[in-house]
Structures are given as C-alpha cells and as structure tokens.
Amino acid sequence: TPYYLDSSGHANTLHGDGVLGTAPPADTASDTYVYDPRDPVPSAGGAMLGPRSGIARQNEVERRDDVLVYTSPILKWDVEVTGPVKLVLLVSTTAPSTDFTAKLVDVHSNGSVINIAQGIIRARYRDSWEAPTLLEPGKIYEYTIDREATSNRFLKVHQSRVEVSSSNFTQFDRNPNTGHAFGMDTETRIAHQTIYHDEDHPSHILLPIVPTN
C-alpha cells in the first residue's frame, strides 16, 4: 500500500508540517534541507554493532533541521506491517554525489518515537554498482531505498512516521558530497537537498500491510 509524503513545504523536524497518508499529493510543494557532512545525523539504534544497536528513541534525531518528518494521522485501529519496506523518493541535489537515508518509525501515544526499519541509497550507484555515475546538480532523480523486511503492529492511537535525511552516522559512512573516490577524500562540501511530493513527483513509502482481525 503506498503512503504518500506531503507537506506545505516545512517538514523539517518533528514540529514541521509533514504528513503521511494514502491520498496522493495534489499541490506543488517540496521540502528542502541542508546536508553538511561535518555535522551528520547521529545514529540512534538500528543494525549497528555494540551497545547502541537495536531499538532506540528517535526523538532527539527528529529535532534536527536536516531531518524531514512525515507523520500519519492517529490510528483508529491496529495496523500490521510485515514484509519488505521500500521508499520511493523524487529528489534533486546541488552536489555531484550524495546520500539519502530513510527510517520507518512508530510514534507511541506517550510521544516516544521508536525505529522500525531504515535504509540508505548512495546516489552515484543508482543505476549500477559496477559503473557508478555522478549526478547533474538540480536534476530530479527517482530513487528507491530498500529499508529491509520488518514486522511491526502499529497499535491503535499510535502513528506511523517516515524520516528522510542524508546521513545516519555511524551506522552508515557519511558521504562527503564531492564526487571523489570514497576513502580518498580530505574535503567535504555542503549539499542542498530537495524532496518533491506533487502529482508528477509522488514520493511515497510502500508498506506491506497485513489484514488484522
């Protein structure tokens, strides 16, 4: 089932106006943020080694201006999501190479935000792992972020939420945005990222919803 990202152009932080719903967006708004590799979004839980792995609150992460937050209405009944989760993003950047990251999170009725699934795409590998290509700044590209399979029952009065950013460090290595060979860079550059969600660019998450009794 597709759930579409939408906002009035200010989905930054948990206090923004980003929404997640089944109706495709009709307006032409988009969301922007600045990704600075010198100040990456810190990892909170997830599939890392060590004591910081696993389930963790995402509330502090969502206070950052470089994290876009899209939240569903309060659920009127339980919703089970079981299977592979994919996020389709229509985006542009000012950098020749960059990353986009995503999380599916569960917003509890007490305000706690818990990570469910997450993923990343390194844009230069959008077409091929063997023959990476750099980006044309300002051009709109479509990316699919595979956020792995998961199984979670979003309980009644909870909310489902999608976070979009360009870093999740240290779980994923940060992208310096330069387009140079990885591991050989001593420079970084700032990237201005734009996420589109309109009739022609319907960014959305695909959720494998299982009927519940």
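**Working through the model**

Student: Let's start with R64. Buried or exposed?

Tutor: R64 counts as buried, at 18% relative accessibility. The cut-offs are under 20% relative accessible area for buried, over 50% for exposed and partly exposed in between, with a 1.4 Å probe and protein chains only.

Student: What kind of model is this, and how are things counted?

Tutor: The model is predicted, so local features need pLDDT of at least 70 and side-chain atom pairs count only at pLDDT 80 or more, while totals for chains, interfaces and linings use all residues. Residues are numbered from 1 along each chain as its sequence is written, and side-chain values use heavy atoms, with hydrogens and water left out.

Student: Back to R64. Which side chain does it meet in a salt bridge?

Tutor: D39, at 3.6 Å from N to O. A salt bridge here is a side-chain nitrogen of Lys or Arg within 4 Å of a carboxyl oxygen of Asp or Glu. D39 and R64 are 25 residues apart, and both sit in the loop between β3 and β4.

Student: How exposed is D39?

Tutor: D39 is partly exposed, with a relative accessible area of 45%. D39 and R64 also belong to a network of salt bridges that takes in D66.

Student: How many salt bridges are there in the structure?

Tutor: There are 11. Another one joins E60 and R63, at 3.2 Å from N to O. E60 is exposed at 57%, and R63 is partly exposed at 47%.

Student: What about R161, which residue does it form a salt bridge with?

Tutor: E62, with the closest N and O atoms 2.5 Å apart. R161 is in strand β9 and E62 is in the loop between β3 and β4, so this pair ties together parts 99 residues apart in sequence. Both R161 and E62 are buried.

Student: New topic. How many helices and strands does the protein have?

Tutor: It has zero helices and 12 strands.

Student: And how is the middle packed? Which residues have the most contacts in the largest nonpolar core?

Tutor: L87, L89, F100, V164, I195 and I205, in a core of 31 residues. A nonpolar core is a set of buried Ala, Val, Leu, Ile, Met, Phe, Trp, Tyr and Cys residues joined through side-chain atoms within 4.5 Å. Strands that each supply at least two residues of this core include β1 (2-6), β5 (79-93) and β9 (159-165). β5 gives the most, with six residues.

Student: Why would such residues gather like that?

Tutor: In soluble globular proteins, nonpolar side chains tend to be buried together.

Student: What does I205 touch?

Tutor: Among the residues that I205 touches are T1, Y3, L20, L87, R147 and V162, with residues up to four places away in sequence not counted. Touching, or contact, means heavy atoms within 4.5 Å. There is also a second, separate core of six residues, including V41, A44, A56 and V69.

Student: Which strand is T101 in?

Tutor: Strand β6. T101 counts as buried, at 5% relative accessibility. Its contacts beyond four places in sequence include G119, I145, V164 and N168.

Student: And T194, where is that?

Tutor: T194 lies in strand β10, residues 191-196. T194 is buried, with a relative accessible area of 14%. T194 and V91 are 103 residues apart in sequence but 5.5 Å apart in space, C-alpha to C-alpha. V91 is also one of the contacts of T194, along with S30, D31, T32, L90 and S92.

Student: How many aromatic pairs are there?

Tutor: Three. Rings of Phe, Tyr and Trp (its six-membered ring) pair if their centres lie within 6.5 Å; planes under 30 degrees apart count as stacked, over 60 as edge-to-face and the rest as tilted. Y141 and Y143 have ring centres 6.1 Å apart and planes at 20°, so that pair is stacked. Both tyrosines are buried, and ring pairs link Y141 and Y143 with F100 into a cluster.

Student: Last one. What share of the residues is buried overall?

Tutor: Of the 213 residues, 53% count as buried.

How values were computed. Helices (H or I, at least four residues) and strands (E, at least two) are DSSP runs, numbered from the N terminus.
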